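I would ask you to look at the sequence and the structure together while I speak.

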Amino acid sequence: MNIGKMGFGVYKITDEEKMYKALDTALNVGYKLIDTATYYKNEEFIGKFLRNYRNKDEIVVTTKVWPSDMSYDDTLRSFENSYKLLDGKLDILLLHWPHPDKFIDGYRALERLKNEKVVKEIGVSNFKIHHLERLLSECSIVPYLNQVELHPKFSQPELRDYNKSKGILTEAWMPIAKAQYLDDPVLLDIAKRYNKSSSQIILNWHIQKGIYPIPKSETPSRIIENFESQNFKLSSADILKIDLLNTDIRFSADPDNFPYDKK
């Protein structure tokens, strides 16, 4: 399964016309993976677009099961609904957040779907090391990937090392931190020397570190700019400078304090 070095995120794209334009741009420029979720409420738009897409078999589609739907039976029902909305194009299925009372049952349902070859791969999102340790002790299939908040100021080196030790791909959502620090002097200096944007520097850092970023955008020029961040290589000295930006402070929700009863 070819997912390339960077995926395309569609969070908050809830307008059908904007979705079609974004997907057309992303797939034409070379993205191989589309990342969505039941929570995003846009699976149907993706399914409609891919229904007539000429190279549908070359694209990988990921979606996620929301915590409130994470009992064994509800996970299977969530899959069935997503499968229909995506017009039968569902390659990777993830648990969206580690509901403490449900994620084992939910993952066992994912294992069934994987064993029955209904999906190609299964995985998790927002799992910390202790969640993964429990999952690996109680379930059979190692997650294909763990999709987490990750960017230079919250780079999660311990989690990345743990994922790597278990053969789990680290996938980064919010890889440029919603553009909250693109004006950082370190990034601006590096960007100037490479004649790139700060966001391209950050995305290239992800790739050089073996992280799989899934930047989101509905702006065609930004979608192309993000993809082109693969077309150069940062020096080891510049990678180290970016490494040193880490503060270990999350910009989003902590999985241990997530509102798991939220619908």
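Let me begin with a definition: a residue is called buried when its relative accessible area is under 20%, exposed when that area is over 50%, and partly exposed in between. Please also bear in mind that this is a predicted model.

With these cut-offs, lysine 120 counts as partly exposed, because its relative accessibility is 44%. Lysine 120 lies in the loop between helix 4 and strand 5. If we set aside its neighbours within four places in sequence, lysine 120 is in contact with Met1, Asp91 and Lys114. The C-alpha atom of lysine 120 is separated by 6.0 Å from that of isoleucine 92, although the two residues are 28 residues apart along the chain.

Isoleucine 92 brings us to strand 4, which comprises residues 92-95. Are the faces of strand 4 covered or uncovered? Both are covered: Ile92 and Leu94 are buried on one side, and Leu93 and Leu95 are buried on the other. As a general point, the side chains of a regular strand alternate between the two faces of the sheet.

I turn now to the partners of strand 4. Strand 3, residues 60-65, pairs with strand 4 in the parallel sense, over four bridges. Within this pairing, threonine 62 has isoleucine 92 in strand 4 as its bridge partner. Between strand 3 and strand 4 the chain passes through helix 3, residues 72-85, in a right-handed β-α-β crossover.

Strand 4 also runs parallel to strand 5, residues 121-125, and four bridges join them. Here leucine 95 stands opposite valine 124 in strand 5. A right-handed β-α-β unit is formed by strand 4, helix 4 (residues 103-115) and strand 5.

My next topic is helix 8, residues 198-208. How many residues of helix 8 are buried? The number is 10 of its 11 residues, so that helix 8 is mostly covered. Among the buried residues are Ile201, Leu203, Trp205 and His206. The elements covering them include strand 7 (169-173), helix 7 (185-194), strand 8 (212-213), helix 9 (220-227) and helix 10.

Let us consider one of these neighbours in detail. Packed helices are described in general by the angle and the distance between their axes. The axes of helix 8 and helix 10, the latter spanning residues 236-243, come within 11 Å and cross at roughly 105°. Helix 8 is therefore roughly perpendicular to helix 10. On the helix 8 side the residues that meet helix 10 are Ile201, Trp205 and Gln208, and their counterparts in helix 10 are Ile239, Ile242 and Asp243. By class, this contact has four nonpolar residues, one polar and one charged.

I shall finish with the backbone. After helix 8 comes glycine 210, with a positive phi near 80°. Which residues other than glycine have a positive phi? One of them is lysine 12, with phi near 75°. Lysine 12 sits in the loop between strand 1 (8-9) and helix 1 (16-29), and it is exposed, with a relative accessible area of 53%. Another is asparagine 195, with a phi of about 60°. Asparagine 195 belongs to the loop between helix 7 and helix 8, and its relative accessibility of 69% is why asparagine 195 counts as exposed.

Note on methods. Residues are numbered from 1 along each chain as its sequence is written. This is a predicted model: local features need pLDDT of at least 70, side-chain atom pairs count only at pLDDT 80 or more; totals for chains, interfaces and linings use all residues. Side-chain values use heavy atoms; hydrogens and water are left out. Buried means under 20% relative accessible area, exposed over 50%, partly exposed in between (1.4 Å probe, protein chains only). Helices (H or I, at least four residues) and strands (E, at least two) are DSSP runs, numbered from the N terminus. Two strands pair if DSSP finds at least two bridges between them. A crossover is right-handed if, with the strands pointing away from the viewer, the path from the first strand over the helix to the second runs clockwise. Axes are lines fitted to C-alpha atoms, for helices over the stretch in contact, and angles run from 0 to 180 degrees between N-to-C directions. Angles under 35 degrees count as roughly parallel, over 145 as roughly antiparallel, 65 to 115 as roughly perpendicular and the rest as oblique. Contact means heavy atoms within 4.5 Å. Ala, Val, Leu, Ile, Met, Phe, Trp, Tyr, Cys and Pro count as nonpolar, Asp, Glu, Lys and Arg as charged, and the others, Gly among them, as polar.
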